[in-house]
Amino acid sequence: MVVLRTIKLFLLGLILQGIHIVRVGGISLLICGLKEHRKETMEALDASGYLKSVIYALVDIIKQSSGCYPLEVDVRTPRGLANKSGIHDGGEFDLLDPGALLGGTTGLWLLSILSSCSEGNTRIIVEAGVLEVLSDKLEKYTLNSHVGPAEFEDTEGIWISALLMSILFQDENVVSSSLTICIIPFLENLLKSDEILDKFFSAQAMASLV
């Protein structure tokens, strides 16, 4: 079956850590499958026995992409990368890996879709540590907010993170988590953003808490 082959391709990409295009391709195919044939794709994922492994792998990919930039540093957009040689005077390379960032963004999309499919998926996603990863991601965004959203290289990942949280927060156990309490101040900061998508989905996430 095509879905099963896609899952195996995705897991192969995880083993081959350096080949981001394989991972991104596998995630993208799963997203397309869930968009066009959600029931059949979810049934195939469940039957494959790989669902939990896929979810844990996605959280790990997002974690890796969040680690592409340290706290309180000068960060750049992908467009900014094209204007830089990436080489300091000392000859050292400084370019961020766009493949890793794309993997994180598509990973957030897929987790959002999986979480919306069933409460069981949501439990696995939370168990995999996604709240810690999202909290860290939003913390870095907040600490670097002085450079402005246009200068933050993962702006799409921010509003998709808020979208994912708006879905996760519909689970009572997630709402009562201590990590959720830590995330709320970061969502409040997003409400002040000039970006309409940041405002909209952070408001959705806050509404889900009520």
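Q: Why is Phe-201 called buried?
A: Phe-201 has a relative accessibility of 14%, and buried means under 20% relative accessible area, with exposed over 50% and partly exposed in between (1.4 Å probe, protein chains only). The value falls under 20%, so Phe-201 counts as buried.

Q: Before we go on, what kind of model is this, and which residues count?
A: It is a predicted model, in which local features need pLDDT of at least 70 and side-chain atom pairs count only at pLDDT 80 or more, while totals for chains, interfaces and linings use all residues. Residues are numbered from 1 along each chain as its sequence is written, and side-chain values use heavy atoms, with hydrogens and water left out.

Q: Which label does Phe-200 get, and why?
A: Phe-200 has 45% relative accessibility. That lies between 20% and 50%, so Phe-200 is partly exposed.

Q: What makes Trp-109 and Trp-159 an edge-to-face pair?
A: Rings of Phe, Tyr and Trp (its six-membered ring) pair if their centres lie within 6.5 Å; planes under 30 degrees apart count as stacked, over 60 as edge-to-face and the rest as tilted. A search of the whole structure finds three aromatic pairs. In one of them, Trp-109 and Trp-159, the ring centres are 5.7 Å apart and the planes stand at 85°, so this pair is edge-to-face. Trp-109 sits in helix H6 (residues 98–117) and Trp-159 in helix H9 (residues 155–168), 50 residues apart, which links distant parts of the chain. Helices here are DSSP runs (H or I, at least four residues), numbered from the N terminus.

Q: How do you know that Phe-200 and Phe-201 are edge-to-face?
A: Their ring centres are 5.0 Å apart and their planes are at 85°, so the pair is edge-to-face. Trp-109, Trp-159, Phe-200 and Phe-201 form one aromatic cluster.

Q: What makes Glu-43 and Lys-39 a salt bridge?
A: The term asks for a side-chain nitrogen of Lys or Arg within 4 Å of a carboxyl oxygen of Asp or Glu. Here the N to O distance is 2.6 Å, so the pair meets the rule. Glu-43 and Lys-39 are four residues apart in helix H3 (residues 38–48), separated by about one helical turn. At 56% Lys-39 is exposed, whereas Glu-43, at 44%, is partly exposed.

Q: How many salt bridges does this rule give?
A: The count comes to three. One of them joins Glu-127 and Lys-52, with the closest N and O atoms 3.2 Å apart. That pair links distant parts of the chain, Glu-127 being in helix H7 (residues 119–127) and Lys-52 in helix H4 (residues 51–66), 75 residues apart. Another joins Lys-140 and Asp-136, at 3.3 Å from N to O.

Q: Which residues of H7 are buried, and what puts them on the same side?
A: The buried residues of H7 are Asn-121, Thr-122, Ile-124 and Ile-125. They cover an arc of only 165° around the axis, so they lie on the same side of H7; the arc is that of the directions from the helix axis to the C-beta atoms. Glu-119 and Arg-123 are exposed, on the face turned away from the buried side.

Conventions. Helix = DSSP H or I, 4+ residues; strand = E, 2+ residues; numbered from the N terminus.
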